[in-house]
Amino acid sequence: MKHVYVIDDNAIVGETLGNTLSRLGYSTEVYNDPQAFLQNALPVSPATILLDMQMPGMSGVALQKQLASIGRKTPIIFISGEWQASEIVLAMKQGAVDFLFKPFNLEDLLTAIESALSKDLQESTKAMVKVDLRTRYNSLTPREKEVCALLVQGLLSKSIALNLDISNATVKVHKSRILEKMQVTSLQQLALCITQLGLN
């Protein structure tokens, strides 16, 4: 289910947006206070946040910064009737995916939401792939990790054997197990996995 968090201190605006999006098939949560969102909203994916720029107590940009500090990466679409160029620049620098000025039309809103949801789905998929890769890599023994590092550097089995003071046959056994555990069929694929993990 595509999820939209609506955060706007104007209860009427928040409720209207929430109801409209619900009728269009989105699951929604509406918050009139950024602190309530921080305390109660559980992260789901794919999702996006419709965030009012100007709110008492905590501005939209301040909430955006706090979410980033705790690792919450849900894409943010800012909505605002009052704005300053400096705030927009800061919001975009901090990763906002779009900015809509009130009053905005429904078509523009839905386009922004679908774009943000697509981005969140892509990021979530990449994160899941990386977690899976990390799990596979962690299943390697310390020696297999040593051999793996040398394999992705392009060393041949004989060179690895000399480097680690083990037999060529042992290197070949390690290589076979590494490919099996990492669920790849070639050294090129193995190197790509290591690169994705940031280990090369």
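## The largest pocket

Nine nonpolar, seven polar and six charged residues make up the lining of the largest pocket. That lining has 22 residues. Arg-72, Lys-73, Thr-74, Pro-75 and Asp-120 lie nearest the pocket's centre. The space inside is about 500 Å³. This structure is a predicted model.

Two helices, α3 (60–69) and α5 (106–138), each supply at least two residues of the lining. Helix α5 gives the most, with seven residues.

## Where α1 meets α5

Helix α5 also packs against α1 (residues 11–23). The angle is about 70°, and the axes are 13 Å apart. That angle makes α1 roughly perpendicular to α5.

From α1 come Leu-17, Thr-20 and Leu-21. They meet Leu-106, Leu-109, Leu-110 and Ile-113 in α5. The contact holds six nonpolar residues, one polar and no charged.

## Two cis peptide bonds

Ser-45 and Pro-46 are joined by a cis peptide bond, with omega about 0°. Pro-46 sits in the loop between α2 (34–40) and β3 (47–52).

Another cis bond runs from Lys-102 to Pro-103, with omega near -5°. Pro-103 belongs to the loop between β5 (98–101) and α5.

## Two positive phi angles

Asp-165 is not a glycine, yet its phi is positive, about 60°. Its loop lies between α7 (157–164) and α8 (168–182). Is Asp-165 buried or exposed? Asp-165 is exposed, because its relative accessible area is 70% and the cut-off for exposed is over 50%.

Gln-183, also a residue other than glycine, has a positive phi near 60°. Gln-183 is in the loop between α8 and α9 (187–196). Gln-183 is exposed, with a relative accessible area of 57%.

How values were computed
Residues are numbered from 1 along each chain as its sequence is written. This is a predicted model: local features need pLDDT of at least 70, side-chain atom pairs count only at pLDDT 80 or more; totals for chains, interfaces and linings use all residues. Side-chain values use heavy atoms; hydrogens and water are left out. On a 1 Å grid over the protein atoms alone, a cavity is a set of points where a 1.4 Å probe fits but cannot get out, and a pocket is an open set with protein on both sides within 12 Å along at least five of seven lines; lining residues have an atom within 4 Å of a point. Grid points are joined across faces, edges and corners, and a volume is the space filled by probe spheres set on the points. Helices (H or I, at least four residues) and strands (E, at least two) are DSSP runs, numbered from the N terminus. Ala, Val, Leu, Ile, Met, Phe, Trp, Tyr, Cys and Pro count as nonpolar, Asp, Glu, Lys and Arg as charged, and the others, Gly among them, as polar. Axes are lines fitted to C-alpha atoms, for helices over the stretch in contact, and angles run from 0 to 180 degrees between N-to-C directions. Angles under 35 degrees count as roughly parallel, over 145 as roughly antiparallel, 65 to 115 as roughly perpendicular and the rest as oblique. Contact means heavy atoms within 4.5 Å. Buried means under 20% relative accessible area, exposed over 50%, partly exposed in between (1.4 Å probe, protein chains only).
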